[in-house]
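Good morning, and thank you for the time. I would ask you to keep the sequence and the structure in view while I speak.

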Amino acid sequence: MKSLRFMLSVVLVSLSTVAFAQHDDAHKSSVAPLPSEAQKSFTTMKSLAGEWEGPVNVPEVPEMSNGKPLHVSLRVTSRGHTLVHELQEAGTPLDATKYDHPVSMLYLDGDQLTLIHYCDAGNRPRMTGKMSPDGKTVEFEFKDISGSPEYHMHHSVFNIIDANHHTEDWTFMMKDKPIHAHFDLQRTK
């Protein structure tokens, strides 16, 4: 009789342990981890995927503010892990020998939103991004550079106005003199 009670106790303890473990596993798997600030920023940036056009304003170089629109292409690639940003004067062919065509790559590097700008100046500045509290602006600050730092892209800000309108502000350093460019872009696709 004692051995039967002992066996019954062991079985009940074993079953309760299994039941609690299954409940705990089910609870853990049903609660998704919250996205980090960098993940939220990257998701916001990926919402800009598409084709965009609009005028550029460069206050320090008025002849660059000639009313010719710029074309910006943003596309998600690498199974959703990278956003490619390509810039060119609207209506020009992709001919790197005649026209500027800088490319930037945005991606998550651990828990940091990172932008690498492959500049026509022949260098690669790296910037890190943070989203504003309202979720409409992502600002990138200069971190470091591969190549000559004499002329380089130093700062950028993406401001999302709505699904079909955003602005970009880029700061290019010419030695120690900042040149600011403001793009007012409308979605074309």
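This is a predicted model: local features need pLDDT of at least 70, side-chain atom pairs count only at pLDDT 80 or more; totals for chains, interfaces and linings use all residues.

Residues are numbered from 1 along each chain as its sequence is written, and side-chain values use heavy atoms, with hydrogens and water left out.

Let me begin with the chain. It holds 2 helices and 11 strands; helices (H or I, at least four residues) and strands (E, at least two) are DSSP runs, numbered from the N terminus. Read from the N terminus, the order of elements is α-α-β-β-β-β-β-β-β-β-β-β-β. Of the 189 residues, 33% are buried. Here buried means under 20% relative accessible area, exposed means over 50%, and partly exposed lies in between, with a 1.4 Å probe and protein chains only. The accessible surface amounts to about 11700 Å², and carbon and sulfur atoms account for 59% of that surface; such areas come from the Shrake-Rupley method with a 1.4 Å probe, and for residues only the protein chains shown count as cover. As for contacts (heavy atoms within 4.5 Å), 37% of those between residues at least 6 apart in sequence join residues at least 24 apart.

I turn to helix 2, which spans 37–46. Which residues of helix 2 are buried? They are A38, S41, F42, T44 and M45. These residues cover an arc of only 160 degrees around the axis, and therefore lie on the same side of helix 2; the arc is that of the directions from the helix axis to the C-beta atoms. The cover over the buried residues of helix 2 includes strand 4 (82–89), strand 5 (103–109), strand 6 (112–118), strand 7 (124–131), strand 8 (137–146) and strand 9 (151–162).

S41 has a relative accessibility of 2% and so counts as buried. Leaving out residues up to four places away in sequence, S41 touches L113, K130, M131 and V138. T44 is also placed in helix 2, and its relative accessible area of 15% is why T44 counts as buried. With the same exclusion of residues up to four places away, T44 touches M131, G135, V138 and I160. T44 and M131 are 87 residues apart in sequence, yet their C-alpha atoms are 8.6 Å apart in space.

Next, the loops. A49 sits between helix 2 and strand 1 (50–54). At a relative accessible area of 28%, A49 is partly exposed. Beyond its neighbours within four places in sequence, A49 is in contact with L74, V76 and R187.

P69 belongs to the loop between strand 2 (56–57) and strand 3, and is partly exposed at 33% relative accessible area. Not counting residues up to four places away in sequence, P69 touches G54, P55, E89 and A90. From P69 to E53, 16 residues apart in sequence, the C-alpha to C-alpha distance is 6.1 Å.

What are the phi angles of S78 and R79? Most residues other than glycine have a negative phi. S78, however, has a positive phi of about 55 degrees, and R79 has a positive phi of about 55 degrees as well. S78 lies in the loop between strand 3 (70–77) and strand 4, and R79 is found in the loop between strand 3 and strand 4 too. S78 is partly exposed at 41% relative accessibility, whereas R79 is exposed at 84%.

Finally, the largest pocket contains about 750 Å³ of space. A pocket here is found on a 1 Å grid over the protein atoms alone, as an open set of points where a 1.4 Å probe fits, with protein on both sides within 12 Å along at least five of seven lines; lining residues have an atom within 4 Å of a point. Grid points are joined across faces, edges and corners, and the volume is the space filled by probe spheres set on the points. Of the 27 lining residues, M64, L70, L87, D100 and F183 are the closest to the centre of the pocket. Strand 10 (165–174) is among the strands that supply at least two lining residues each, and its 4 residues are the largest share.

Thank you for your attention.
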